Amino acid sequence: MEIVKYKTRFGDSGLPEVVKEEAYEWDEMILNSPDKVEKMMKSVFRLHKETEEYLYEICFNARMKSIAVFEVSHGTVNASLVSPREVYQKALLVRSVYVMVAHNHPSGDPAPSEEDDKIAEKLKEAGALIGIDLIDFIIVGDSCYSYRQALKL
């Protein structure tokens, strides 16, 4: 399987378009569990080694096949700015049916903060409004925290 990282930019028409940034070979066919996502984020993007917070979005088709990965935000040592607008704009551009969000805690502690809880809820609500389900919100540190496994989504 290929993990493809995209970015968005304005095209000549002035509308956002998707641009392939990088492609990575990956041995898993489907990213259907927090453990697989954690493994991919650590192996491909070295998320657990970053000194600032990064937030990535993984977009899936109706068959739960990963169709795109976007770096949505690059923050500071303990914060990352994210808005449902940026997450779902990208998902709509690639015709995603489901999204999963993963971000890191440079401290190594994957326990969610109050801000993590707030943004997870906002993303869930926004996705429900437009018909793109947020299937998990994962925090990567020394280990992994999954909102879905914790029954928070």
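Author: Start with the aromatic residues. Y24, F45, Y54 and Y56 form one aromatic cluster. Keep in mind that this is a predicted model.

Reader: How many aromatic pairs does the count come to?
Author: Six aromatic pairs. One of them joins Y6 and F70. That pair is tilted, with 6.1 Å centre to centre and 40° between the planes.

Reader: Where do Y6 and F70 sit in the chain?
Author: Y6 is in strand 1, and F70 is in strand 4, residues 66-74.

Reader: Is F70 buried or exposed?
Author: Buried. F70 has 0% relative accessibility, and the cut-off for buried is under 20%.

Reader: What about F137 and Y147, which kind of pair do they form?
Author: An edge-to-face pair. The centres are 5.0 Å apart, with 85° between the planes. F137 counts as buried at 1% relative accessibility. Y147 counts as buried too, at 2%.

Reader: New topic. Which residues touch the most other members in the largest nonpolar core?
Author: C59, F70, Y88, V99, L123 and F137. That core has 24 residues.

Reader: Which elements give two or more residues to it?
Author: Strands 1, 3, 4, 5 and 6 do, along with helix 2 (84-93) and helix 3 (114-130). Helix 3 gives the largest share, four residues.

Reader: Back to F137. What does it touch?
Author: Leaving out residues up to four places away in sequence, F137 touches V101, H103, D116, I119, A120, L123, Y145, S146, Y147 and L153.

Reader: And the second core, how many residues does it have?
Author: It has 21 residues and is separate. Among them are W26, A102, I135 and V140.

Reader: Now helix 1. Which of its residues are buried?
Author: Helix 1 covers residues 34-44. Its buried residues are P34, V37, E38, M40, M41, K42 and V44.

Reader: What covers them?
Author: The cover includes strand 1 (2-10), strand 2 (16-25) and strand 3 (54-60). It also includes strand 5 (98-104), strand 6 (133-140) and strand 7 (144-146).

Reader: What comes just after helix 1?
Author: R46, which takes a positive phi of about 55°.

Notes
Residues are numbered from 1 along each chain as its sequence is written. This is a predicted model: local features need pLDDT of at least 70, side-chain atom pairs count only at pLDDT 80 or more; totals for chains, interfaces and linings use all residues. Side-chain values use heavy atoms; hydrogens and water are left out. Buried means under 20% relative accessible area, exposed over 50%, partly exposed in between (1.4 Å probe, protein chains only). Contact means heavy atoms within 4.5 Å. Rings of Phe, Tyr and Trp (its six-membered ring) pair if their centres lie within 6.5 Å; planes under 30 degrees apart count as stacked, over 60 as edge-to-face and the rest as tilted. A nonpolar core is a set of buried Ala, Val, Leu, Ile, Met, Phe, Trp, Tyr and Cys residues joined through side-chain atoms within 4.5 Å.
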